Amino acid sequence: MSTVFNFCPACATSLARGLQGGRERALCPACGWVHWDNPTPVVAAVIEYEGKVLLARNVAWPEKMFALVAGFLERDESPQEAVAREVLEETGLTVSATHLIGVYEFRRRNEVIIAFHTPAEGTIALGEELAEVKLLEPARVRPWPLGTGLAVADWMRARGLPVEFAPLPGRG
Ligand SMILES: [Zn+2]
């Protein structure tokens, strides 16, 4: 989700539109501050637990809508550290390895997704952001053809599994 600024966060002057770095952007006519609006990196985890893939439903989501555990990096944190922290916070599981699956665009939210395969162990204990989790045989996962779903599909293909995409939520 792209952040909208009306006023300069440095000097509180009303922002204007102008060309900067080859694109039209919001910028400050007083102090020169530029809203670059770069995509935000997000880490996402294909959690493998007892041979199954763990998918999670956020408390804010409708029933039957499950996805990968994901979250923002904290300052001074590597993507590998961030994904292990998110998995522990949200599921209670300890990540034993982080294998990069790939990096994916997610323009709708102005994010870049760094996706890992994370084998994990321990006992599932849901964090406050999750309503429920489900465990699926890898071959039964039906990813969305977008965002983290593309990472799931690449991970499945790398294991020799056929990929059948699910319709996007809200589109049938
Ligand atoms: Zn300013």
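Colleague: Let's start with strand 2: which residue there is the bridge partner of R17?

Modeller: In this predicted model, R17 has A26 as its bridge partner in strand 2.

Colleague: Happy with that. Where do the domain bounds fall?

Modeller: The assignment gives domain 1 as residues 1–37 and domain 2 as residues 40–158. Their centres, taken over C-alpha atoms, are 33 Å apart.

Colleague: Now strand 4, please. Is strand 4 largely enclosed or largely open?

Modeller: Burial can be read by counting: a residue is buried if 20 or more other C-beta atoms lie within 10 Å of its own. In strand 4 (residues 40–49), 7 of the 10 residues are buried, so the rest of the structure largely encloses this strand.

Colleague: In which sense do strand 4 and strand 9 pair, parallel or antiparallel?

Modeller: Parallel: 9 bridges link strand 4 and strand 9 (residues 111–121). One place to look is A44, which stands opposite A115 in strand 9.

Colleague: What is the bridge partner of A44 in strand 6?

Modeller: There the partner is A70. Strand 6 (residues 69–72) runs antiparallel to strand 4, and 4 bridges join them.

Colleague: How many bridges join strand 4 to strand 5?

Modeller: Strand 4 and strand 5 (residues 52–58) are joined by 3 bridges and run antiparallel.

Colleague: Is A12 buried or exposed?

Modeller: Exposed, because A12 has 10 C-beta neighbours inside 10 Å, and a residue with 12 or fewer falls in that class.

Colleague: What about K64: where does K64 lie?

Modeller: K64 lies in the loop between strand 5 and strand 6. Its phi is near 75 degrees, again a positive value in a residue other than glycine. K64 is exposed too, because 8 other C-beta atoms lie within 10 Å.

Colleague: Let's step back to the whole chain. How many helices and strands does the protein chain have?

Modeller: There are 2 helices and 10 strands. From the N terminus on, the elements run β-β-β-β-β-β-α-β-β-β-β-α.

Colleague: And what box do the C-alpha atoms fill?

Modeller: Along the principal axes, the box is roughly 60 × 35 × 30 Å. Of the 172 residues in the chain, 27% count as buried.

Colleague: One last item: what share of the contacts joins residues at least 24 apart?

Modeller: Among contacts between residues at least 6 apart in sequence, the share is 54%.

How values were computed
Residues are numbered from 1 along each chain as its sequence is written. This is a predicted model: local features need pLDDT of at least 70, side-chain atom pairs count only at pLDDT 80 or more; totals for chains, interfaces and linings use all residues. Helices (H or I, at least four residues) and strands (E, at least two) are DSSP runs, numbered from the N terminus. Two strands pair if DSSP finds at least two bridges between them. Domain bounds come from an automatic or database domain assignment. Two residues are in contact if their C-beta atoms, placed from the backbone, lie within 7 Å.
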